[in-house]
Amino acid sequence: MTPANTVGSRDWSPFRVVPAGSHADAPRSIHTSEGVGDRLRAAGFAEVQARDAFLWAAEHLTDAPAGLQAAWRELAAAEDRHLGWLMKRLAELGFAPADRAVSDQLWHSPTRCATAEEFSLFMATAEDRGRRAGERFYEQLRERDPVSAEIFRTIAEEEIEHIRLAQTFFGFRPGQVEDRANSRPEGRTR
């Protein structure tokens, strides 16, 4: 199967997305320029999917407490800012978003959430995974590529605020986000 920019009805340009059920291209070693590019690209595409998921939630999850839909729109703007940093650095390193195929699986999961609480929990868990990856990439790159490392560090710090949104609106306490996500029933849809 050949990856394309359009999967289903979504156009993910300029990224090249694998068909549903397929795996994205595996990242190369972080100790190579190509591997750094792979991580910038994957993180950038995760930011696109998160941005679009927050906008989807603001439009569709009408059970959200007062202020949450506006907060989701603010998070979408933050995700878009992160995307800009990542794509700028990818280009500086001489790579393009379409150089390697990515997966849009992150997009499909949150848009199956039936409630604002379920969506917030899912996104907080995804943001926490992204935070941990960003911290790890910072540590691995800070001496060899301090510019890319700093981008990952800054995004990881901002993800902490994104995670707090679920805590603020739904009373999640630190550590509980991961616990609840692991107990979420599989196959639950709207």
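His-108 has its place in helix H3 (residues 105-108), where helices (H or I, at least four residues) and strands (E, at least two) are DSSP runs numbered from the N terminus. The model is predicted, so that local features need pLDDT of at least 70 and side-chain atom pairs count only at pLDDT 80 or more, while totals for chains, interfaces and linings use all residues. Residues are numbered from 1 along each chain as its sequence is written, and side-chain values use heavy atoms, with hydrogens and water left out.

- With a relative accessible area of 29%, His-108 is partly exposed, a class that lies between buried (under 20% relative accessible area) and exposed (over 50%), with a 1.4 Å probe and protein chains only.
- A distance of 9.9 Å separates the C-alpha atoms of His-108 and Ala-20, which are 88 residues apart along the chain.

**Packing of H2 and H5**
- Helix H2 (residues 68-92) packs with helix H5 (residues 146-170) at an angle of about 170°, the axes being 11 Å apart; axes are lines fitted to C-alpha atoms, for helices over the stretch in contact, and angles run from 0 to 180 degrees between N-to-C directions.
- H2 and H5 are therefore roughly antiparallel to each other, the term for angles over 145 degrees.
- Residues making the contact (heavy atoms within 4.5 Å) include Trp-72, Trp-85 and Arg-89 of H2 and Ile-151, Glu-158 and Phe-169 of H5.
- By class, this contact of H2 with H5 has 14 nonpolar, four polar and five charged residues, where Ala, Val, Leu, Ile, Met, Phe, Trp, Tyr, Cys and Pro count as nonpolar, Asp, Glu, Lys and Arg as charged, and the others, Gly among them, as polar.

**Nonpolar cores**
- The largest nonpolar core has 43 residues, of which Phe-54, Trp-72, Leu-86 and Phe-119 touch the most other members; such a core is a set of buried Ala, Val, Leu, Ile, Met, Phe, Trp, Tyr and Cys residues joined through side-chain atoms within 4.5 Å.
- Helix H1 (33-60), H2, helix H4 (116-141) and H5 each supply at least two residues of this core, and H1 gives the largest share, 11 residues.
- Leaving aside neighbours within four places in sequence, Trp-72 is in contact with residues including Phe-54, Phe-119 and Leu-165.

**Whole chain**
- The secondary structure comes to six helices and four strands, in the sequence pattern β-β-β-α-α-β-α-α-α-α.
- Of the 190 residues in the protein, 44% are buried.

Terms used. Parallel < 35°, antiparallel > 145°, perpendicular 65-115°, else oblique.
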